[in-house]
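I opened my notebook to look around a structure that was new to me. Here is what I looked up, entry by entry.

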Amino acid sequence: MIHPVSPGSVFMLPHGTRIVHKLQEFLRTEYTRYGYQEVMTPLIYKKDLWETSGHWQNYMEDMFMVKSGREQTAACDHYHDTQTGDVDEGIFGLKPMNCPGHCLIFDSTPKSYRDLPIRLADFSPLHRNEASGALSGLTRVRRFHQDDAHIFCSEDQIASEITSCLSFVDRVYSAFQFPHYDLTLSTRPETNYMGSMEEWTHAEDSLTKALNSTGRPWSIKEGDGAFYGPKIDIMVKDSSGKSHQTATIQLDFQLPRRFGLKYVDEHDESQTPVIVHRAILGSIERMMAILIEHTGGKWPFWLSPRQGVVLPVSTQFADYAKKVAETLSFGVDAQTSRSHEHYFIDAETSSRDRLNKMIRQAQLQQYNFIFVVGQKEMDEGTVNVRNRKGEVLGAMKVEDVRNMFATMTANME
(Lines give C-alpha, C1' and ligand atoms only; values in the text may rest on other atoms or scores of the structure.)
Protein backbone atom coordinates (compact mmCIF):
# COMPACT_ATOMS: atom_id res chain seq x y z
CA MET A 1 0.00 0.00 0.00
CA ILE A 2 1.19 3.53 -0.83
CA HIS A 3 -0.46 6.67 0.57
CA PRO A 4 -0.31 10.25 -0.78
CA VAL A 5 0.96 11.58 2.58
CA SER A 6 4.20 9.60 2.08
CA PRO A 7 4.82 9.29 -1.67
CA GLY A 8 7.32 6.65 -2.66
CA SER A 9 7.17 4.90 0.74
CA VAL A 10 5.55 1.50 1.03
CA PHE A 11 3.21 0.39 3.82
CA MET A 12 3.84 -3.34 4.15
CA LEU A 13 0.62 -5.06 5.14
CA PRO A 14 0.68 -8.32 7.14
CA HIS A 15 1.12 -10.73 4.23
CA GLY A 16 3.74 -8.54 2.54
CA THR A 17 5.61 -8.27 5.83
CA ARG A 18 5.64 -12.07 6.10
CA ILE A 19 7.39 -12.28 2.72
CA VAL A 20 9.94 -9.60 3.69
CA HIS A 21 10.76 -11.49 6.88
CA LYS A 22 11.10 -14.77 4.98
CA LEU A 23 13.53 -13.16 2.53
CA GLN A 24 15.56 -11.68 5.37
CA GLU A 25 15.61 -14.99 7.26
CA PHE A 26 16.85 -16.75 4.13
CA LEU A 27 19.65 -14.22 3.69
CA ARG A 28 20.61 -14.39 7.38
CA THR A 29 21.11 -18.13 7.00
CA GLU A 30 23.30 -17.52 3.97
CA TYR A 31 25.24 -14.80 5.82
CA THR A 32 26.43 -17.47 8.23
CA ARG A 33 27.52 -19.63 5.31
CA TYR A 34 29.43 -16.78 3.63
CA GLY A 35 30.95 -15.26 6.76
CA TYR A 36 28.97 -12.03 7.22
CA GLN A 37 28.18 -10.26 10.48
CA GLU A 38 24.93 -8.30 10.69
CA VAL A 39 25.00 -4.78 12.16
CA MET A 40 22.48 -2.01 12.82
CA THR A 41 23.34 1.62 12.06
CA PRO A 42 21.70 5.07 12.45
CA LEU A 43 19.27 6.47 9.87
CA ILE A 44 20.57 10.07 9.99
CA TYR A 45 24.05 11.55 10.10
CA LYS A 46 25.42 15.07 10.29
CA LYS A 47 26.43 16.91 7.13
CA ASP A 48 30.09 16.44 8.11
CA LEU A 49 29.90 12.69 7.47
CA TRP A 50 28.40 13.15 4.00
CA GLU A 51 31.12 15.66 3.13
CA THR A 52 33.76 13.14 4.18
CA SER A 53 32.16 10.34 2.14
CA GLY A 54 31.69 12.54 -0.94
CA HIS A 55 27.92 12.13 -1.01
CA TRP A 56 27.41 15.82 -0.24
CA GLN A 57 29.41 16.80 -3.30
CA ASN A 58 28.20 14.07 -5.67
CA TYR A 59 24.83 12.80 -4.43
CA MET A 60 23.20 15.65 -2.47
CA GLU A 61 20.27 16.15 -4.89
CA ASP A 62 19.18 12.56 -4.28
CA MET A 63 19.22 12.89 -0.48
CA PHE A 64 16.67 14.06 2.08
CA MET A 65 17.86 16.66 4.59
CA VAL A 66 16.67 16.87 8.20
CA LYS A 67 16.79 19.83 10.59
CA SER A 68 15.62 20.03 14.19
CA GLY A 69 12.16 21.50 14.77
CA ARG A 70 13.62 23.54 17.63
CA GLU A 71 15.91 25.31 15.20
CA GLN A 72 12.99 26.19 12.95
CA THR A 73 11.19 27.94 15.80
CA ALA A 74 14.27 29.48 17.44
CA ALA A 75 13.79 32.88 15.82
CA CYS A 76 10.25 33.11 17.28
CA ASP A 77 11.20 31.74 20.67
CA HIS A 78 14.60 33.16 21.51
CA TYR A 79 13.92 33.14 25.26
CA HIS A 80 13.10 29.42 25.31
CA ASP A 81 16.17 28.64 23.22
CA THR A 82 18.56 30.46 25.56
CA GLN A 83 16.96 28.96 28.68
CA THR A 84 17.21 25.36 27.50
CA GLY A 85 20.72 25.81 26.15
CA ASP A 86 19.90 24.14 22.81
CA VAL A 87 22.77 24.13 20.33
CA ASP A 88 22.27 24.37 16.58
CA GLU A 89 23.49 20.98 15.39
CA GLY A 90 23.10 21.93 11.74
CA ILE A 91 21.81 19.84 8.88
CA PHE A 92 21.47 16.06 9.00
CA GLY A 93 21.02 13.77 6.01
CA LEU A 94 18.84 10.66 5.88
CA LYS A 95 21.14 7.93 4.68
CA PRO A 96 20.77 6.82 1.05
CA MET A 97 23.48 4.18 1.59
CA ASN A 98 25.03 2.28 4.49
CA CYS A 99 28.69 2.51 3.47
CA PRO A 100 29.68 5.61 5.54
CA GLY A 101 28.23 4.06 8.71
CA HIS A 102 30.08 0.81 8.07
CA CYS A 103 33.30 2.77 7.61
CA LEU A 104 32.78 4.24 11.08
CA ILE A 105 32.35 0.72 12.49
CA PHE A 106 35.54 -0.49 10.78
CA ASP A 107 37.43 2.53 12.12
CA SER A 108 36.17 2.10 15.69
CA THR A 109 38.96 -0.35 16.64
CA PRO A 110 42.50 -1.03 15.35
CA LYS A 111 42.66 -3.64 12.59
CA SER A 112 45.28 -6.17 11.55
CA TYR A 113 45.61 -8.13 8.30
CA ARG A 114 44.52 -11.13 10.37
CA ASP A 115 41.08 -9.49 10.81
CA LEU A 116 40.48 -9.19 7.06
CA PRO A 117 38.22 -9.67 5.29
CA ILE A 118 35.53 -8.07 7.46
CA ARG A 119 32.04 -8.50 6.02
CA LEU A 120 29.31 -6.26 7.51
CA ALA A 121 25.65 -6.71 6.52
CA ASP A 122 22.77 -4.29 7.22
CA PHE A 123 19.01 -4.33 6.56
CA SER A 124 18.43 -0.69 7.65
CA PRO A 125 15.89 1.32 5.61
CA LEU A 126 17.41 3.74 3.10
CA HIS A 127 15.96 6.97 1.66
CA ARG A 128 16.64 8.40 -1.79
CA ASN A 129 14.92 11.47 -3.21
CA GLU A 130 13.66 9.99 -6.45
CA ALA A 131 11.79 12.40 -8.73
CA SER A 132 8.04 12.17 -8.15
CA GLY A 133 7.44 11.35 -11.81
CA ALA A 134 9.82 8.38 -11.61
CA LEU A 135 8.06 6.69 -8.67
CA SER A 136 6.43 3.41 -9.60
CA GLY A 137 4.83 0.87 -7.24
CA LEU A 138 7.39 -1.33 -5.51
CA THR A 139 10.02 -0.97 -8.23
CA ARG A 140 10.90 2.73 -7.82
CA VAL A 141 10.47 4.08 -4.30
CA ARG A 142 11.99 6.66 -1.96
CA ARG A 143 12.19 4.50 1.15
CA PHE A 144 13.38 0.94 0.76
CA HIS A 145 15.28 -1.89 2.43
CA GLN A 146 18.39 -3.33 0.88
CA ASP A 147 20.31 -6.47 1.78
CA ASP A 148 23.32 -4.20 1.93
CA ALA A 149 26.81 -5.37 2.85
CA HIS A 150 30.37 -4.05 2.74
CA ILE A 151 33.49 -6.16 2.64
CA PHE A 152 36.70 -4.60 3.91
CA CYS A 153 39.62 -6.51 2.43
CA SER A 154 43.20 -6.25 1.20
CA GLU A 155 43.98 -5.85 -2.49
CA ASP A 156 45.11 -9.46 -2.82
CA GLN A 157 41.72 -10.60 -1.45
CA ILE A 158 39.67 -8.72 -4.07
CA ALA A 159 39.44 -11.57 -6.57
CA SER A 160 38.33 -14.18 -4.03
CA GLU A 161 35.77 -11.82 -2.45
CA ILE A 162 34.23 -10.85 -5.80
CA THR A 163 34.10 -14.53 -6.75
CA SER A 164 32.40 -15.32 -3.42
CA CYS A 165 29.83 -12.55 -4.04
CA LEU A 166 29.04 -13.95 -7.49
CA SER A 167 28.65 -17.41 -5.93
CA PHE A 168 26.24 -15.90 -3.39
CA VAL A 169 24.19 -14.36 -6.22
CA ASP A 170 24.02 -17.66 -8.06
CA ARG A 171 22.92 -19.56 -4.94
CA VAL A 172 20.11 -17.10 -4.14
CA TYR A 173 18.85 -16.75 -7.71
CA SER A 174 18.85 -20.52 -8.13
CA ALA A 175 16.61 -20.74 -5.04
CA PHE A 176 14.20 -18.29 -6.73
CA GLN A 177 14.35 -20.42 -9.89
CA PHE A 178 15.09 -17.48 -12.15
CA PRO A 179 15.61 -18.98 -15.60
CA HIS A 180 18.47 -16.64 -16.49
CA TYR A 181 20.52 -13.67 -15.33
CA ASP A 182 23.07 -11.45 -17.08
CA LEU A 183 26.28 -9.89 -15.75
CA THR A 184 27.23 -6.34 -16.71
CA LEU A 185 30.34 -4.29 -15.92
CA SER A 186 29.51 -0.60 -15.40
CA THR A 187 32.54 1.66 -15.88
CA ARG A 188 33.62 5.18 -14.80
CA PRO A 189 31.06 7.98 -15.30
CA GLU A 190 32.17 10.85 -17.54
CA THR A 191 31.57 13.40 -14.76
CA ASN A 192 31.03 13.51 -10.97
CA TYR A 193 33.42 10.75 -10.02
CA MET A 194 36.11 10.50 -7.34
CA GLY A 195 39.68 9.33 -7.76
CA SER A 196 42.28 9.23 -10.52
CA MET A 197 42.08 7.54 -13.91
CA GLU A 198 44.75 5.06 -12.78
CA GLU A 199 42.66 4.02 -9.74
CA TRP A 200 39.58 3.53 -11.88
CA THR A 201 41.52 1.49 -14.43
CA HIS A 202 42.89 -0.72 -11.64
CA ALA A 203 39.40 -1.23 -10.17
CA GLU A 204 37.83 -2.00 -13.56
CA ASP A 205 40.63 -4.49 -14.35
CA SER A 206 39.98 -6.28 -11.02
CA LEU A 207 36.27 -6.68 -11.77
CA THR A 208 37.04 -7.77 -15.34
CA LYS A 209 39.24 -10.60 -14.03
CA ALA A 210 36.54 -11.71 -11.60
CA LEU A 211 33.91 -11.73 -14.36
CA ASN A 212 36.17 -13.71 -16.69
CA SER A 213 36.74 -16.29 -13.95
CA THR A 214 33.00 -17.11 -13.81
CA GLY A 215 33.00 -18.56 -17.32
CA ARG A 216 29.71 -16.74 -17.94
CA PRO A 217 29.18 -14.19 -20.73
CA TRP A 218 29.07 -10.56 -19.66
CA SER A 219 28.71 -7.13 -21.20
CA ILE A 220 29.88 -3.55 -20.56
CA LYS A 221 27.84 -0.44 -19.70
CA GLU A 222 30.14 2.46 -20.40
CA GLY A 223 29.88 5.33 -17.89
CA ASP A 224 27.25 3.68 -15.68
CA GLY A 225 29.45 3.11 -12.60
CA ALA A 226 28.89 4.68 -9.17
CA PHE A 227 30.70 7.94 -8.43
CA TYR A 228 33.19 6.11 -6.19
CA GLY A 229 33.93 3.03 -8.30
CA PRO A 230 32.98 0.58 -11.07
CA LYS A 231 30.43 -2.14 -10.45
CA ILE A 232 29.01 -5.43 -11.62
CA ASP A 233 25.25 -5.26 -12.12
CA ILE A 234 23.07 -8.35 -12.37
CA MET A 235 20.02 -8.36 -14.62
CA VAL A 236 17.52 -11.16 -14.01
CA LYS A 237 14.84 -12.44 -16.33
CA ASP A 238 11.59 -13.56 -14.78
CA SER A 239 9.32 -16.33 -16.08
CA SER A 240 7.72 -13.91 -18.57
CA GLY A 241 11.09 -12.92 -20.04
CA LYS A 242 11.23 -9.41 -18.56
CA SER A 243 14.66 -8.14 -17.44
CA HIS A 244 15.20 -6.41 -14.07
CA GLN A 245 18.35 -4.90 -12.51
CA THR A 246 18.75 -6.35 -9.02
CA ALA A 247 22.08 -7.34 -7.48
CA THR A 248 25.17 -5.17 -7.58
CA ILE A 249 28.83 -5.68 -6.66
CA GLN A 250 30.93 -2.52 -6.52
CA LEU A 251 34.66 -2.08 -5.98
CA ASP A 252 35.75 1.04 -4.10
CA PHE A 253 39.29 2.35 -3.55
CA GLN A 254 38.08 5.89 -2.76
CA LEU A 255 35.92 5.68 0.38
CA PRO A 256 38.56 3.97 2.57
CA ARG A 257 40.97 6.79 1.75
CA ARG A 258 38.43 9.52 2.44
CA PHE A 259 37.73 8.02 5.87
CA GLY A 260 41.40 7.36 6.56
CA LEU A 261 40.79 3.64 7.14
CA LYS A 262 43.88 1.62 7.96
CA TYR A 263 45.00 -1.86 8.92
CA VAL A 264 48.45 -3.21 9.81
CA ASP A 265 49.87 -5.73 7.34
CA GLU A 266 52.15 -8.71 8.04
CA HIS A 267 55.20 -6.39 7.92
CA ASP A 268 53.74 -4.06 10.58
CA GLU A 269 53.13 -1.39 7.95
CA SER A 270 49.95 0.66 7.69
CA GLN A 271 47.78 -0.13 4.65
CA THR A 272 44.47 1.11 3.29
CA PRO A 273 41.78 -1.55 2.80
CA VAL A 274 39.54 -1.87 -0.24
CA ILE A 275 35.75 -1.90 0.08
CA VAL A 276 33.47 -4.21 -1.89
CA HIS A 277 29.90 -2.90 -1.80
CA ARG A 278 27.39 -5.67 -2.51
CA ALA A 279 23.67 -6.35 -2.48
CA ILE A 280 22.26 -9.70 -3.59
CA LEU A 281 18.55 -8.88 -3.75
CA GLY A 282 19.11 -5.16 -4.19
CA SER A 283 15.98 -3.39 -2.99
CA ILE A 284 13.82 -5.94 -1.17
CA GLU A 285 10.73 -4.04 -2.32
CA ARG A 286 11.79 -4.26 -5.95
CA MET A 287 12.68 -7.93 -5.57
CA MET A 288 9.20 -8.57 -4.18
CA ALA A 289 7.68 -6.96 -7.28
CA ILE A 290 9.89 -9.13 -9.50
CA LEU A 291 8.97 -12.29 -7.57
CA ILE A 292 5.27 -11.43 -7.79
CA GLU A 293 5.63 -11.22 -11.58
CA HIS A 294 7.86 -14.30 -11.68
CA THR A 295 5.51 -16.50 -9.63
CA GLY A 296 2.25 -14.98 -10.84
CA GLY A 297 1.29 -14.63 -7.18
CA LYS A 298 1.70 -18.38 -6.67
CA TRP A 299 4.42 -18.22 -4.06
CA PRO A 300 6.53 -21.32 -3.43
CA PHE A 301 5.72 -22.86 -0.07
CA TRP A 302 8.91 -21.67 1.68
CA LEU A 303 8.17 -18.02 0.80
CA SER A 304 4.39 -18.08 0.86
CA PRO A 305 2.42 -15.79 3.21
CA ARG A 306 -0.53 -18.23 2.96
CA GLN A 307 0.92 -21.69 3.35
CA GLY A 308 -2.26 -23.51 4.29
CA VAL A 309 -5.87 -23.23 5.42
CA VAL A 310 -8.00 -25.69 7.38
CA LEU A 311 -11.64 -26.00 6.27
CA PRO A 312 -14.22 -27.82 8.42
CA VAL A 313 -16.97 -29.60 6.51
CA SER A 314 -19.45 -28.03 8.93
CA THR A 315 -19.38 -25.65 11.90
CA GLN A 316 -19.48 -28.53 14.42
CA PHE A 317 -15.87 -29.28 13.47
CA ALA A 318 -14.70 -25.66 13.85
CA ASP A 319 -12.88 -26.34 17.12
CA TYR A 320 -10.97 -29.25 15.62
CA ALA A 321 -10.10 -27.07 12.61
CA LYS A 322 -8.67 -24.41 14.94
CA LYS A 323 -6.68 -27.02 16.86
CA VAL A 324 -5.26 -28.47 13.64
CA ALA A 325 -4.32 -25.00 12.35
CA GLU A 326 -2.50 -24.23 15.60
CA THR A 327 -0.65 -27.55 15.58
CA LEU A 328 0.35 -27.17 11.91
CA SER A 329 1.49 -23.60 12.62
CA PHE A 330 3.51 -24.18 15.78
CA GLY A 331 3.88 -27.92 16.43
CA VAL A 332 2.33 -30.31 18.94
CA ASP A 333 3.72 -28.50 22.00
CA ALA A 334 2.91 -25.02 20.69
CA GLN A 335 2.24 -23.59 24.16
CA THR A 336 5.57 -24.62 25.70
CA SER A 337 8.15 -24.94 22.93
CA ARG A 338 9.78 -22.24 20.84
CA SER A 339 12.05 -24.58 18.91
CA HIS A 340 9.59 -25.47 16.14
CA GLU A 341 9.49 -23.86 12.72
CA HIS A 342 6.47 -21.58 12.40
CA TYR A 343 4.16 -21.89 9.38
CA PHE A 344 1.33 -19.62 8.25
CA ILE A 345 -1.78 -21.80 8.58
CA ASP A 346 -5.27 -20.31 8.88
CA ALA A 347 -8.59 -21.88 9.91
CA GLU A 348 -11.74 -20.76 8.11
CA THR A 349 -14.43 -21.31 10.74
CA SER A 350 -16.76 -18.37 10.17
CA SER A 351 -17.99 -19.08 6.66
CA ARG A 352 -21.43 -20.60 6.08
CA ASP A 353 -20.62 -21.35 2.44
CA ARG A 354 -20.65 -24.84 1.06
CA LEU A 355 -17.37 -26.74 1.25
CA ASN A 356 -16.76 -26.67 -2.51
CA LYS A 357 -17.09 -22.89 -2.54
CA MET A 358 -14.66 -22.53 0.40
CA ILE A 359 -12.15 -24.77 -1.39
CA ARG A 360 -12.44 -22.69 -4.55
CA GLN A 361 -12.00 -19.47 -2.57
CA ALA A 362 -8.88 -20.87 -0.88
CA GLN A 363 -7.46 -21.78 -4.28
CA LEU A 364 -8.09 -18.25 -5.57
CA GLN A 365 -6.31 -16.87 -2.49
CA GLN A 366 -3.33 -19.03 -3.50
CA TYR A 367 -3.06 -21.09 -0.31
CA ASN A 368 -0.41 -23.72 -1.00
CA PHE A 369 -2.38 -26.43 0.81
CA ILE A 370 -6.02 -26.90 1.78
CA PHE A 371 -6.86 -29.20 4.67
CA VAL A 372 -10.42 -30.48 4.97
CA VAL A 373 -11.56 -31.90 8.30
CA GLY A 374 -14.75 -33.67 9.37
CA GLN A 375 -15.84 -36.49 11.67
CA LYS A 376 -13.50 -39.11 10.19
CA GLU A 377 -10.47 -36.79 10.36
CA MET A 378 -11.29 -35.78 13.95
CA ASP A 379 -11.64 -39.42 15.04
CA GLU A 380 -8.35 -40.43 13.41
CA GLY A 381 -6.33 -37.27 14.11
CA THR A 382 -5.81 -36.63 10.40
CA VAL A 383 -6.52 -34.06 7.70
CA ASN A 384 -7.57 -34.53 4.10
CA VAL A 385 -4.95 -32.73 2.01
CA ARG A 386 -5.14 -31.09 -1.39
CA ASN A 387 -2.91 -28.52 -3.06
CA ARG A 388 -3.90 -25.28 -4.77
CA LYS A 389 -3.92 -27.02 -8.16
CA GLY A 390 -6.83 -29.09 -6.89
CA GLU A 391 -4.84 -32.33 -6.66
CA VAL A 392 -6.09 -34.46 -3.75
CA LEU A 393 -3.21 -35.92 -1.72
CA GLY A 394 -5.50 -37.82 0.64
CA ALA A 395 -5.53 -38.35 4.41
CA MET A 396 -2.38 -37.53 6.38
CA LYS A 397 -1.48 -37.42 10.05
CA VAL A 398 -0.93 -33.87 11.30
CA GLU A 399 2.63 -34.76 12.30
CA ASP A 400 3.31 -36.07 8.80
CA VAL A 401 2.06 -32.80 7.31
CA ARG A 402 4.50 -30.90 9.55
CA ASN A 403 7.31 -33.16 8.32
CA MET A 404 6.27 -32.45 4.73
CA PHE A 405 6.40 -28.71 5.49
CA ALA A 406 9.90 -29.06 6.94
CA THR A 407 11.15 -30.95 3.87
CA MET A 408 9.67 -28.42 1.46
CA THR A 409 11.17 -25.52 3.44
CA ALA A 410 14.60 -27.15 3.55
CA ASN A 411 14.47 -27.79 -0.21
CA MET A 412 13.04 -24.30 -0.89
CA GLU A 413 10.05 -25.74 -2.72
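I began at Q366, which sits in the loop between α12 (355-364) and β17 (369-373). Helices here are DSSP runs of H or I with at least four residues, strands are runs of E with at least two, and both are numbered from the N terminus. Q366 is not a glycine, yet its phi is positive, about 65 degrees.

A note on what I am reading: this is a predicted model, where local features need pLDDT of at least 70, side-chain atom pairs count only at pLDDT 80 or more, and totals for chains, interfaces and linings use all residues. Residues are numbered from 1 along each chain as its sequence is written, and side-chain values use heavy atoms, with hydrogens and water left out.

Next I looked up D268, in the loop between β12 (263-264) and β13 (270-271). D268 also has a positive phi, near 60 degrees, and is not a glycine. Is D268 buried or exposed? D268 counts as exposed, because its relative accessibility is 67%; buried means under 20% relative accessible area, exposed over 50%, and partly exposed in between, with a 1.4 Å probe and protein chains only.

Then I found a cis peptide bond between L116 and P117, with omega about -5 degrees. P117 belongs to the loop between α6 (99-106) and β5 (118-122). I noted for background that most residues other than glycine have a negative phi, and most peptide bonds are trans.

**Helix α10.** The expected span is 1.5 Å times one less than the number of residues. Nine of the twelve residues are buried, so α10 is largely enclosed by the rest of the structure. Among the buried ones are I284, M288 and H294. The buried residues of α10 pack against several elements, including α1 (14-34), α7 (158-175) and β14 (274-283); contact means heavy atoms within 4.5 Å.

At the start of α10, a side-chain oxygen of S283 comes to within 3.3 Å of the backbone nitrogen of E285. Just after α10, G296 has a positive phi of about 65 degrees.

**Helix α7.** I turned to α7, which has 18 residues and runs 26 Å from first C-alpha to last, close to the 26 Å expected. Its buried residues include I158, C165, F168 and Y173. Just after α7, Q177 takes a positive phi of about 60 degrees.

I found S329 in helix α11 (residues 318-330), and S329 counts as buried because its relative accessibility is 4%. Which residues does S329 touch, not counting those up to four places away in sequence? They are E341, H342, Y343, I345 and R402. The C-alpha atoms of S329 and H342 are 5.4 Å apart, although 13 residues separate them along the chain.

S53 is in helix α2 (residues 47-53) and is buried, with a relative accessible area of 1%. Its side chain makes a polar contact with the side chain of H55 at 2.6 Å. A polar contact is a pair of N or O atoms within 3.5 Å; within protein, one must be able to donate a hydrogen and the other to accept it, and residues adjacent in sequence count only if both atoms are side-chain atoms. Beyond four places in sequence, S53 touches residues including P100, F227 and R258.

**Last entry.** I looked up L13, which lies in the segment before α1 and is partly exposed, with a relative accessible area of 46%.
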